[in-house]
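Here is a short briefing on one protein model. Look at the sequence and the structure, then work through the points below.

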Amino acid sequence: MSQGSTPIPLRYRLVNPPQMIGRGDLSARLARALDREPVYVVWGLGGLGKTALVAHTLHDSFPQMIERTLFVRASSESEDLRHEILRAIATALGLELDWSLLLRDVEGALATAIDLAERGPYFVVVDDVHRADAQQVHDTLLLLSKYARSSRWIFTSRTDPHVAELRASTMMLVPMTEQELAALATSLVTTTTPERAKRLAELAAGSPWRLKQLVLAADGSENISQGEDVLTGLDETTIHWLRCLATVEHRIPIETLATVAPGPSEETLNLLERRGLIERAASEARVHDVARPLLRATLRREQTEVLSRSMAAVLSKSDAPGAILEALGLWFGHGNFVEAKDLLTQSLAKLIAGGYVSETFKILDRYLDESLVGEHLQVALELGSTEVLERIVRPAAPTPAQELLWARASLLRLRLQDAINSARIARDRDPSLAFEAALVEARAQATAGNFSDACVLLKGMTPENDDARVRRDMLYMRTLVFTGDLTEALDRLELARRSLERLSPATRRQVGADIVVTLIGLGRIRAASEAFRAWVGRDDEPAIELLHAQERLHVEARLEIELGRMQHAGRIIKQLFTIRSSQSLAAHELDIRRALIAGDFEGLDGRIDVLIEEALRTKHVDLALLGFHHRIRVAMFYARREIELTQLPMMIHPVRAIIEGWWADLRVRYGVETKLSEGNFPWTMLHEAAKVVFLGAEANQSLLDNDGDQARRKTQQAVEIARQHGLVTFELPALSALADVLVCDRKEDEALRTVDELAGLATRCDSMRLLGEVGLYRAVLGPYLNTQELLTVAATAWWSAPSACRRARALLGGQVDLDRIDERVLASVRARHKLEVLRPVPNAPFEDAWVIDSARKQIYFAEGPALDLASKALLLRILEVLAESGGRATKEELATRVWDLRSYHALRDDKRMQVAIRKLRLLLEIDASNPTRVVTTDEGYALGEGACWLRSR
């Protein structure tokens with residue numbers, strides 16, 4: 001991309017302002033709105049002066065902004081309005097964009113357009129948006145209203161776009177009143193009498209455009225019901241010139257048109273502009289939308305064809321892609337297929353580079369011809385849509401170049417054998433295509449899992465230049481990774497990094513992306529982060545195409561998650577969701593990954609199931625594997641023994657390596673015989689994160705084998721690897737595993753230091769899951785058991801920190817699922833604190849639990865302050881007797897064990913017992929008159945459902 005400071009090109013300059021009469025209040029209203037709001041819509045029927053009102057208001061109220069006002073006219077040929085807007089802004093700012101990164105990401109293109117418009121800031125007038133897709137217009141307006149700040153966006157349309165959020169910023173332009181039209185008639189021709197002005201106003205029927213025809217026609221005609229009437233008073237030269245101009249939609253240079261039709265004098269041009277027949281900006285002109293169909297109606301079919309061919313011939317000589325596109329439309333539209341094909345063949349590269357892929361495809365799709373199937377296929381490949389490619393039929397007798405295109409299309413559709421066959425044919429039949437064809441074939445072989453064949457093919461290729469060599473080496477490097485040859489793979493990757501500055505911009509950008517993604521795939525996050533900055537450009541001036549490109553946002557979010565910067569990752573993921581009309585599956589996977597770290601588990605199982613189902617359906621293996629990875633992690637957090645992995649793709653893949661590591665750890669935790677050695681998992685070590693996970697599994701096995709020293713060494717090694725490569729999200733579980741080992745090994749001081757490290761990372765990551773684990777560790781590692789923290793985790797952390805919640809509930813006697821590591825850690829905690837649960841919390845919700853700690857002589861609640869019973873020995877003894885009696889006791893048991901009476905007598909003992917119970921309820925109950933914690937039974941009293949009694953040292 002290059003950026004300059006060129007003035008706004010003629011094509012995108014604001015049209016000249018007409019004389020305005022009778023719209024002063026509306027112009028003032030629009031000006032006031034633009035002072036406050038970033039987006040405004042003016043809509044109404046054709047001929048009412050919408051564009052004229054906007055042009056007048058901007059020239060009158062914002063003259064300082066005219067040089068920074070872009071005028072974009074929506075085209076019926078455009079596939080997407082957002083690309084058209086970005087193209088206009090980029091051209092106006094002197095930017096050359098790499099459209100290959102933007103064509104497949106229209107929402108990112110709009111976000112980039114907003115960013116560029118904010119830099120001026122610029123005013124952007126988008127005219128005639130009724131010609132674009134209604135949903136695109138609605139979404140564009142909505143997003144502009146949300147994200148535009150200092151830039152201003154004014155849309156005109158013949159229909160209401162119906163954006164509820166813009167009701168206050170939408171103006172319906174109604175027909176002018178007869179008084180306003182009469183005043184306009186007098187201002188246009190000062191000799192017009194009041195009577196004639198009134199009659200003309202009636203005939204104009206509210207349209208200022210019609211009035212101009214009536215007033216300015218040389219013979220004073222008062223009938224413009226037929227097309228011929230728009231030509232009243234004009235000489236044949238001017239009429240011919242107008243008819244030629246009416247064949248095209250966009251403004252074109254008057255000088256260019258003069259090669260077909262001699263141009264009118266400046267005086268005549270001014271008259272045509274005043275009549276509303278043409279719109280002008282500097283030295284360019286176009287026919288007014290209302291006048292165009294009327295002018296075309298004045299021509300016979302053969303006349304239209306002659307004029308269209310003449311205009312197509314002129315436009316086809318232009319260097320501007322927009323003009324070439326109009327020439328193509330004219331050639332094809334009037335059956336001049338030979339000329340159209342020649343022009344398309346000569347100009348296709350220019351159209352693609354200019355970002356006109358969608359428009360070109362639309363023309364080709366409409367006038368599909370067997371001889372243009374190669375061009376049709378090439379444009380479809382640029383769009384990158386498998387749905388579009390499915391509609392294209394293989395050429396009957398393809399040339400070698402078409403075979404190569406078909407190979408690329410087959411690869412994109414995952415028809416791998418077709419891709420291999422076509423690539424081989426292209427390679428054999430045309431040596432000049434051999435290199436590109438071999439790349440496609442090697443990519444197809446690798447995708448099919450034939451890594452050795454791909455390596456042989458790649459090794460035998462002879463690149464012609466640095467660009468070709470680096471492209472070959474990057475594919476070779478990724479293939480070597482899957483064969484387990486990491487040394488050579490990393491060597492080639494490093495060579496590619498060093499070569500970046502020597503590459504062409506397009507290759508550098510693509511190779512830069514490949515390097516970042518590969519490093520992430522290998523778990524080298526720190527190196528990937530450095531490569532990412534080199535890929536997107538300097539922080540103060542990143543590559544424009546990558547500002548909001550979906551690929552860049554996905555990669556950046558992955559990096560931020562792995563680095564533990566969850567807040568920033570969350571903002572990027574939110575941008576992926578909110579600025580796009582469709583939410584991509586990859587964005588959903590990122591949000592699931594974020595939720596696993598953050599501790600947002602509610603509804604997560606269902607989201608993971610949807611991810612896996614959709615990824616398998618669309619053959620997106622990477623996302624399917626990530627879905628299975630998330631599924632096994634959730635299973636481990638909730639101690640689920642049985643998980644469904646039967647659909648797990650059986651292929652060598654870095655994510656599959658991590659899954660194997662977790663799977664080995666899971667088998668260790670549940671006592672399934674597992675032989676943990678790298679020889680059994682020859683490619684598990686492809687990913688640095690897989691090493692961390694696998695070391696964790698080995699450490700857990702050592703811990704269960706009572707080899708604490710070995711377990712500690714393994715977990716410390718896992719932490720070191722994670723830190724070395726910036727794998728924060730894998731450092732977190734490694735630190736948790738180290739804390740477990742140290743708790744079991746009774747090394748409290750080391751364990752507390754490890755927990756402090758974990759707390760620092762968890763806080764930085766904004767992870768409620770890890771903070772819950774930290775809370776539990778601190779509750780059990782202090783000199784005394786922190787019962788309050790234990791209860792808080794047990795009661796509140798099921799959907800945020802399930803592992804910690806399970807362990808806390810187990811320590812309080814709850815019936816929960818545990819694995820062997822849980823049991824080992826909790827056994828160590830119970831032994832350390834001599835913890836004994838006399839009355840466990842039953843299956844009642846832990847949110848309602850309350851815990852009596854006899855050692856502390858305290859009662860703890862999930863919410864609210866603790867209750868101190870140190871000075872209330874009698875009340876504490878009542879609770880103790882109830883707990884020791886299985887949660888309920890008769891009055892006789894209470895009398896003999898609490899009050900040390902030899903026997904119970906109702907007349908003697910009930911009163912004192914009732915008084916004591918009443919005092920206890922006043923302390924315990926939310927509502928003492930409706931007790932739930934100490935309840936009355938037929939024979940005495942009982943503890944409520946949520947009560948727990950424990951003893952500790």
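The points below cover salt bridges, surface charge, loops and contacts.

This is a predicted model, in which local features need pLDDT of at least 70, side-chain atom pairs count only at pLDDT 80 or more, and totals for chains, interfaces and linings use all residues. Residues are numbered from 1 along each chain as its sequence is written, and side-chain values use heavy atoms, with hydrogens and water left out.

**Salt bridges**

- Side chains of opposite charge can pair when their charged atoms come close.
- A salt bridge here is a side-chain nitrogen of Lys or Arg within 4 Å of a carboxyl oxygen of Asp or Glu.
- The whole structure holds 64 salt bridges.
- One of them joins R497 and E530, with the closest N and O atoms 4.0 Å apart. This pair links distant parts of the chain: R497 sits in helix 24 (residues 486-499) and E530 in helix 26 (residues 525-536), 33 residues apart.
- Helices (H or I, at least four residues) and strands (E, at least two) are DSSP runs, numbered from the N terminus.
- How exposed are the two partners, R497 and E530? R497 is partly exposed at 26% relative accessible area. E530 is partly exposed too, at 43%.
- For these labels, buried means under 20% relative accessible area, exposed means over 50%, and partly exposed is in between (1.4 Å probe, protein chains only).
- E562 forms a salt bridge with R593, and the closest N and O atoms are 3.5 Å apart. E562 lies in helix 27 (residues 550-562) and R593 in helix 29, so the pair ties together parts 31 residues apart in sequence.
- R723 is partly exposed at 36%, whereas E731 is buried at 7%.
- Salt bridges also form a network, which links R73, D127, D128, E279, R286, D289 and R292.

**Charge on the surface**

- Which residues gather in a patch of negative charge on the surface? They are E892, E893, D938 and E939.
- Such a patch is made of residues with over 30% relative accessible area and no salt bridge, with like charges joined within 9 Å.
- Asp and Glu count as negative, Lys and Arg as positive; His and the chain ends are not counted.
- The place of a charge is taken as NZ of Lys, CZ of Arg, CG of Asp or CD of Glu.
- Accessible areas come from the Shrake-Rupley method with a 1.4 Å probe; for residues, only the protein chains shown count as cover.
- E939 lies in the loop between strand 16 (934-936) and strand 17 (940-943). E939 is exposed, at 57% relative accessibility.

**Backbone features in loops**

- A cis peptide bond joins G120 and P121, with omega about -10°. P121 lies in the loop between helix 4 (106-119) and strand 3 (123-127).
- N706 is not a glycine, but its phi is positive, near 65°. Find N706 in the loop between helix 33 (688-704) and helix 34 (708-724). N706 is exposed at 57% relative accessibility.
- K834 is not a glycine either, and its phi is positive at about 50°. K834 belongs to the loop between helix 40 (820-833) and strand 11 (836-839). Its relative accessible area is 59%, so K834 counts as exposed.

**Contacts and distances**

- What does K834 touch, not counting residues up to four places away in sequence? K834 touches R951, S952 and R953.
- Contact means heavy atoms within 4.5 Å.
- K834 and L785 are 49 residues apart in sequence, and their C-alpha atoms are 9.8 Å apart in space.
- D591 is in helix 29 (residues 585-598). D591 is buried, at 14% relative accessibility.
- Not counting residues up to four places away in sequence, D591 touches I573, F577 and R607.
- D369 lies in the loop between helix 16 (357-366) and helix 17 (373-383). D369 is partly exposed at 25%.
- D369 and F337 are 32 residues apart along the chain, and 9.1 Å separates their C-alpha atoms.

Terms used
Patches are made of residues with over 30% relative accessible area and no salt bridge: like charges are joined within 9 Å, nonpolar side chains (Val, Leu, Ile, Met, Phe, Trp, Tyr) within 5 Å.
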